[in-house]
Amino acid sequence: MNGKADPRAAGEVTTRTRLERGRGALGPALELVHTGRAPTRAVLTAELGVTRATAGAVAAELEALGLIRIDARPSAAAGSQGRPSHRLSVAEEGPVALAAQVHADGFRAALVGLGGRTVATAPGCETVDADPAQVIGSVVDAGAQLLRETGRRCVGAGLAVPSAVAEPEGTALNPLHLAWPAGAQVREIFTERVRAAGIEGPAFAGNDVNLAALAEHRHGAGRGARDLLCVATGHRGVGGALVLDGRLHTGSSGLALEVGHLTVNPEGRPCHCGGRGCLDVETDPLAFLAEAGREPGPEGLLVQARALLRDAYAGPAAGAGAADSAVRSAGHPAVRSAAEALIDRLGLGLAGLVNILNPDRIILGGLHRALLEADPERLRAVVADRSLWGRSGSVPILACTLDHNSLVGAAELAWQPVLDDPLGALG
């Protein structure tokens, strides 16, 4: 032996040392790439507060786990100086989470990768059985079929349900718009069905609007908000969610933000909770159809309500025949009046929430998104007029932007252990 150190061995030791120093940064680094906040290694270095070499080792480890991709030869922007930083992106062919959703008009399964990317979806069913085990089993089977077809590795599974989900039991306390019994053990059932289908990873369940807010905060209209309020009505009822300091606020036992039972019309419709005129029964699709004098059709309440609202504000389609135009225009005054009534009630409810929560952004989903888009000035004026801070500091009110955001949010539950500890979850 000549006594000289092997440079390759020294390099390997240096790389291992850097990785050990940055191992605690793997989860934060992955979350930065996952949410689009670290598009380059230079940004990742700055956000983590580590050296360039440590950031490089961390990124390399995440790439080795099949979670991200590093583009070491990005093209420099026109007029830029110096060597461009390596670009970072989620691995398009990487692992996925199984996401499942049950709502009043059916269910749907999907595979969702990092970055909130929907990789595959299974057609939704239009009927929901009164037995939660039957429904949950069917949606898990649909997801398992997607996994077989795609051959993807699965990190876990998440389920979104239209009910408050109590913690730590994982029970659906009030599935009011399903025929399920109160207190159904949805997380236990979901976990059992996931295991029976041979799907690996942990299983979770949560309220659909909570999960929609989580998805929108990470990947959609709520990105960058510190205190985000989400209010939405999908197929039946109204739900709300709050993200505080970047984390979903669920309260002491998972039951926070039951905004559907705010009274917005004291002389209004009886509510399932025993009250009257709640947001839940005054601003959902069924309320809109009833207010407009329309009977629910076979295509689903949300689909029908959106179409009716679109026709009322946009008028006849370009090129429509005279007879078709007359049919489409006949009910417009009643439909417009119904929409304005719902907008006013929604605005009243939002104003009360603004007074209590003081969010820095509000996002609306489902039919509420359509109401905002139909007449944004009316809704914003009602909120400003009735909220304490409305005149001095108007809160931005935006539409949710993600398709199937509750599904994406269900996947976020399954991805969270990986975001917390990538090596522990996948290594």
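Visitor: What makes you say which residues leucine 379 is in contact with?

Guide: Contact here means heavy atoms within 4.5 Å. Setting aside neighbours within four places in sequence, leucine 379 is in contact with Ile343, Leu346, Gly347, Leu350, Leu364, Leu372 and Ile397. Do keep in mind that this is a predicted model.

Visitor: Which residues touch the most other members of the largest nonpolar core?

Guide: They are Val231, Phe288, Leu364, Leu367 and Leu379, in a core of 38 residues. Helix H12 (332–357) is one of the elements that give two or more residues to this core, and H12 gives the most, with 9 residues.

Visitor: What is in the second core, and how many residues does it have?

Guide: The second core is separate and has 34 residues, including Leu44, Leu67, Leu88 and Ala110.

Visitor: Why is strand S3 called largely enclosed?

Guide: A residue counts as buried when its relative accessible area is under 20%. In S3 (residues 96–103), 8 of the 8 residues are buried, so the strand is largely enclosed by the rest of the structure.

Visitor: How do you know which faces of S3 are covered?

Guide: In a regular strand, side chains alternate between the two faces of the sheet. On one side of S3, Val96, Leu98, Ala100 and Val102 are buried, and on the other so are Ala97, Ala99, Gln101 and His103.

Visitor: What makes S3 and S4 a pair?

Guide: Two strands pair if there are at least two bridges between them. S3 and strand S4 (residues 106–112) are joined by 7 bridges and run antiparallel, so they meet that definition. Alanine 99 stands opposite alanine 110 in S4, and the two strands form a hairpin with 2 residues between them.

Visitor: In which sense does S3 pair with S6?

Guide: S3 and S6 (residues 154–161) pair in the parallel sense, over 5 bridges. Leucine 98 has alanine 157 as its bridge partner in S6.

Visitor: How do you know that the span of helix H15 agrees with what it should be?

Guide: At 1.5 Å a residue, the 16 residues of H15 (residues 405–420) should span 22 Å, and the end C-alpha atoms are 22 Å apart, so the two values agree. There is also a kink of about 40° at alanine 414, shortly before proline 417.

Visitor: What is the average pLDDT of the protein?

Guide: The average is 87, and 87% of the residues score at least 70. Over residues 315–331, though, the pLDDT is below 50. Where pLDDT is low, the predicted coordinates should not be read in detail.

Notes: Residues are numbered from 1 along each chain as its sequence is written. This is a predicted model: local features need pLDDT of at least 70, side-chain atom pairs count only at pLDDT 80 or more; totals for chains, interfaces and linings use all residues. Side-chain values use heavy atoms; hydrogens and water are left out. pLDDT is the predictor's confidence in each residue, from 0 to 100. Buried means under 20% relative accessible area, exposed over 50%, partly exposed in between (1.4 Å probe, protein chains only). Helices (H or I, at least four residues) and strands (E, at least two) are DSSP runs, numbered from the N terminus. The expected span of a helix is 1.5 Å times one less than its number of residues. The bend at a residue is the angle between axes fitted to the seven residues ending there and the seven starting there. A nonpolar core is a set of buried Ala, Val, Leu, Ile, Met, Phe, Trp, Tyr and Cys residues joined through side-chain atoms within 4.5 Å.
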